[in-house]
Amino acid sequence: MKKLNYCVLIIFIIFTFHLINNFIILKQDTVPLFFDEGGFYNLSVSYYKYLFSSPKIGRFFHHIYSISNFYPPLVFIERIPFFAIWGVSQDVAVLANLPFLFMLIYFTFLIGKYIADAKTGLLAAFLISFYPGVYGFSRTNFITIPVAAMVAVSLYLLLRTESFSNRKLSILLGISMGLGLLIKWLYVLYILPAMLFIVLESLVRHRQTRISTMFINVLLSAGAAIVVALPWYLPNIKNLIPMLFTASYDNPNWLNFVGYLKDNPFRLGLLSYATVMERYQLYTYYTILFIFFLIRYLLSKNSSLKWV
């Protein structure tokens, strides 16, 4: 218990540093939000105003999809209590990302602790909080940190399901996936490969009785995710599908898709998330560090979780 309290204290110290640091920088920053950041701020304000202009709370949730048919609403709804307490401003909208930053740091610690030990978890939490892509984006109005936080939560719960043998944790995983989908639809690209690996690994290693339990829990997990996310996605699916295809292939010419594919085979829009990792998210030092330890971990004979 003392060791756990010691770890939690260190995590709070790390988070407090980022909180104070971001607050100081935002006080000095007078540049208004623009492009996507400005758009996300306007959406946040729209949800806030719509809530207090709605005669009933049920009406607010019933028509919530009408505010934006492209960006899911969870991040913007999360900012409502911040606006209500500290007022509507761009700095408040940015600082509303801090709970997600804490989630990212804490659940990264839990992942490291589960895989190895508490010291590994603390090191992982420290490193991820100072990744340039996290350190910098934590004081912006992008939804990058909320997505990363929900991925960390879901990965931890995925590990704790023990190959989907634990039904309660499988359902909790599904709920977290539904919440992740309500932050951004690309969230699924980060959690799905890990889930597929767990399922395939279980098919190879486990007995038939274990496999049947696993499939039931996978279905329950997927069902929980659908129940949480479907109320927003169902009314907007017609708008999302063409937008998703466009984002996935870097705005192709759909009237001549075959020709576009032939002339531009490497312009997959989704690959940009991987190609900008070194330039904008990790930078050279962290990228080299990441590749080195990933290879070292994968080659370790004692590693049974080689997909992490």
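1. First, the ground rules. As this is a predicted model, local features need pLDDT of at least 70 and side-chain atom pairs count only at pLDDT 80 or more, while totals for chains, interfaces and linings use all residues. Residues are numbered from 1 along each chain as its sequence is written, and side-chain values use heavy atoms, with hydrogens and water left out.

2. The overall picture: the chain has 16 helices and zero strands. Both are DSSP runs numbered from the N terminus, helices being H or I with at least four residues and strands being E with at least two. Of the 308 residues in the chain, 40% are buried. Buried here means under 20% relative accessible area, exposed means over 50%, and partly exposed is in between, with a 1.4 Å probe and protein chains only. Take the contacts (heavy atoms within 4.5 Å) between residues at least 6 apart in sequence: 68% of them join residues at least 24 apart.

3. Start with α1, which covers residues 2–28 and holds Asn22. Asn22 counts as buried because its relative accessibility is 1%. Its side chain makes a polar contact of 3.2 Å with the side chain of Arg139. For the record, a polar contact is a pair of N or O atoms within 3.5 Å; within protein, one must be able to donate a hydrogen and the other to accept it, and residues adjacent in sequence count only if both atoms are side-chain atoms. Leaving out residues up to four places away in sequence, Asn22 touches Leu98, Ser138 and Arg139.

4. Setting aside neighbours within four places in sequence, Phe15 is in contact with Leu98, Phe102 and Ile105. Phe15 and Ile105 are 90 residues apart along the chain, yet their C-alpha atoms are separated by 7.6 Å.

5. Buried residues in α7 include Leu98 and Ile105, along with Phe100, Leu101 and Leu104.

6. Now for Val45, which is in α2 (residues 35–53). With 11% relative accessibility, Val45 counts as buried. Val45 touches Phe83 and Val88, not counting residues up to four places away in sequence. Val45 and Ile77 are 32 residues apart in sequence and 9.5 Å apart in space, C-alpha to C-alpha.

7. Which helix is largely enclosed by the rest of the structure? That is α10, as 13 of its 17 residues are buried. From first C-alpha to last, α10 reaches 25 Å, close to the 24 Å expected at 1.5 Å a residue.

8. The loop between α10 (144–160) and α11 deserves a look, and Glu162 lies in it. Phi of Glu162 is near 55°, a positive value in a residue other than glycine. Phe164 is found in that loop as well, and its phi is also positive, near 60°. Most residues other than glycine have a negative phi. As for accessibility, Glu162 counts as partly exposed at 41%, whereas Phe164 counts as buried at 0%.

9. Next comes α11, with 15 residues and a reach of 21 Å from its first C-alpha to its last, close to the 21 Å expected at 1.5 Å a residue. At its start, a side-chain oxygen of Asn166 comes to within 3.2 Å of the backbone nitrogen of Lys168. Among the buried residues of α11 are Leu169, Leu173, Met177 and Leu181.

10. Finally, the second largest pocket, with a volume of about 310 Å³. Two or more lining residues come from each of α11 (167–181), α12 (187–205) and α13 (208–248). The lining has 16 residues, and Met177, Leu181, Val188, Ala222 and Ala225 lie nearest the centre. By class, the lining has 16 nonpolar, no polar and no charged residues. Ala, Val, Leu, Ile, Met, Phe, Trp, Tyr, Cys and Pro count as nonpolar, Asp, Glu, Lys and Arg as charged, and the others, Gly among them, as polar. Grid points are joined across faces, edges and corners, and the volume is the space filled by probe spheres set on the points.

Notes
On a 1 Å grid over the protein atoms alone, a cavity is a set of points where a 1.4 Å probe fits but cannot get out, and a pocket is an open set with protein on both sides within 12 Å along at least five of seven lines; lining residues have an atom within 4 Å of a point. The expected span of a helix is 1.5 Å times one less than its number of residues.
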